[in-house]
Amino acid sequence: MAEVRTRSEGARSRSGARRRWRRVVAAATSALVAAAGGVLTATSAEAAVPSSFTIAGSGYGHGVGMPQYGAYEMARRGSASWDVLAHYYTGARAAWKTTTGNNILVQVYGKDPAGRSGYGDTKTTTTVTVRGGDWRLANEDGTTLATGSGTETFAVTVTAGGRSRITVNGTKYYDQLLRITWSGTRYYKPSGKTAVATVAGAHGSYKHGRLTATARGGVPNLTNDVLLNTEYLYGIAEMPSSWGLNGGLSALAAQAITARSYVMTKAVDPDCRCNVVDDVRDQYYSGWAKESEGTGAKYGKVWKKAVDATTSSRTRARVLTYGGKAVAAHYFSSSGGRTARSQDVWSSTIPYEQSVSDPYSKAAPGNSYASWTRKLTQAQARALFGLADVQSIKVSAKWSSGQARTLTATSSTGKTATVTGKADAIRSKVGARTTAGSMPAAWITKITAAG
């Protein structure tokens, strides 16, 4: 006879099964608690997802060529400027070369020569102010249009016809090219009072040279005509002059050599009438501001001493060469232990800019980027990797320099996603997602979950 169960008996049977299941779960839970020393943590996916991540790294900059802090530490340990350069630029030499045609043109105001958006000046007017001596305004033929003494401000604009226009003392002067010179320079009254010129919107002030104004696309274009080996290099502000007082004079000399070599590779652009511009698109040129730096020009004199150590005459100096030719050498602040190959950071392979060991950058005094951290929130991590959530992030591949090549993120479900690219692309892409909005370098040593 078949067993017959009522509805209530079936319900009691299911209830008993649930009680037995709870006892099994309770026993397992007790075992877990005991194994954890009496503490039970949440095991849900939500609890396992951190609120943020800490990215730890080292170095500052793209990593190609000479790290300035590395050069500083090598100098402190007794290396000469040419030895510093030979170490960081594979196969290159700091050779003595004739620097003929060394009068160069530095754009201090005007549109970007290459037409890049976000660079250069766009205002249709600027001013030039001369202080401390005499001044002269002339045209391209050298004809004097106006002269004066004491502080004077020139309004520089462009006419509707595309000519340069300078207004001084209420009088307007027009021409395709106009020049402002001041006393104490090789262009005007060399033995006269030392005057200094400034340009609104420019980065520095100018004791040396002459300012040439032309019109370019409705915007004034101002260049300073200066000598490469002295007047220009004395104004390059790419390395702290104070390093020369702390054992780093040969590092300053190495910087001067790279700066000179860079300019020697730059022909005059006829559009802007310039070899280089005055900022990081080429090299930071602040002119007299650098040369006169410090009380009594204390630091400026140190920098000038380093520059002078790299020259033997007005037209002969040390130049960084590869295969006997001057090279446009790159440099940056500091590495994370090894410099980068150019092709790992950008695209082209530059034979003298390959990866070399750099134990010096981290050891250099005052290097605040020997180690650093950046924060990446959970929301920023999700946006970076395109995952619903991010449980962990690791550097899964590196370039030969140790810079990050690929970052791999894992979600709470085990799904993974990667961000990969050239070193500078990683630096830019990951940095843009951090709370700081940038990242010093791509030498990432560790990424840890927080919160």
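Is D225 buried or exposed, and what is its relative accessible area? D225 is buried, with a relative accessible area of 1%, where buried means under 20% relative accessible area, exposed over 50%, and partly exposed in between (1.4 Å probe, protein chains only). The views below show a predicted model, in which local features need pLDDT of at least 70 and side-chain atom pairs count only at pLDDT 80 or more, while totals for chains, interfaces and linings use all residues. Residues are numbered from 1 along each chain as its sequence is written, and side-chain values use heavy atoms, with hydrogens and water left out.

**View 1. Overview of the chain.** The secondary structure comprises 11 helices and 25 strands, with helices (H or I, at least four residues) and strands (E, at least two) taken as DSSP runs and numbered from the N terminus. Of the 451 residues, 48% count as buried. The chain exposes about 20,500 Å², of which carbon and sulfur atoms supply 50%; accessible areas come from the Shrake-Rupley method with a 1.4 Å probe, and for residues only the protein chains shown count as cover. Among contacts with a separation of 6 or more, 68% join residues 24 or more positions apart, a contact meaning heavy atoms within 4.5 Å.

**View 2. The salt bridge between R273 and D225.** The side chains of these two residues meet in a salt bridge at 3.5 Å, N to O, a salt bridge being a side-chain nitrogen of Lys or Arg within 4 Å of a carboxyl oxygen of Asp or Glu. R273 lies in the loop between α6 (249–264) and β16 (276–277), whereas D225 lies in strand β15 (residues 219–227), so the pair ties together parts that are 48 residues apart in sequence. Side chains of opposite charge can pair when their charged atoms come close. The structure holds 14 salt bridges.

View 3. E73 forms a salt bridge with R76, with the closest N and O atoms 3.1 Å apart. Because E73 and R76 are three residues apart in helix α3 (residues 68–76), about one helical turn separates them. E73 counts as buried at 6% relative accessibility, whereas R76 is partly exposed, with a relative accessible area of 41%. K304 forms a salt bridge with E291, the closest N and O atoms being 3.4 Å apart. K304 belongs to helix α8 (residues 298–308) and E291 to helix α7 (residues 288–291), so this pair ties together parts that are 13 residues apart in sequence. K304 counts as partly exposed at 26% relative accessibility, and E291 counts as buried at 5%.

**View 4. The largest pocket.** This pocket has a volume of about 600 Å³, and of the 21 residues that line it, H62, V280, D282, H330 and Y331 are the closest to its centre. On a 1 Å grid over the protein atoms alone, a pocket is an open set of points with protein on both sides within 12 Å along at least five of seven lines, a cavity is a set of points where a 1.4 Å probe fits but cannot get out, and lining residues have an atom within 4 Å of a point. Grid points are joined across faces, edges and corners, and a volume is the space filled by probe spheres set on the points. The lining divides into nine nonpolar, six polar and six charged residues, with Ala, Val, Leu, Ile, Met, Phe, Trp, Tyr, Cys and Pro counted as nonpolar, Asp, Glu, Lys and Arg as charged, and the others, Gly among them, as polar.

**View 5. The largest cavity.** The structure holds one cavity of 30 Å³ or more, and the largest cavity has a volume of about 40 Å³. Its lining residues include S205, Y206, Y285, W288 and E291, and the elements that give two or more residues to this lining are β13 (205–206) and α7. The lining has three nonpolar, four polar and three charged residues.
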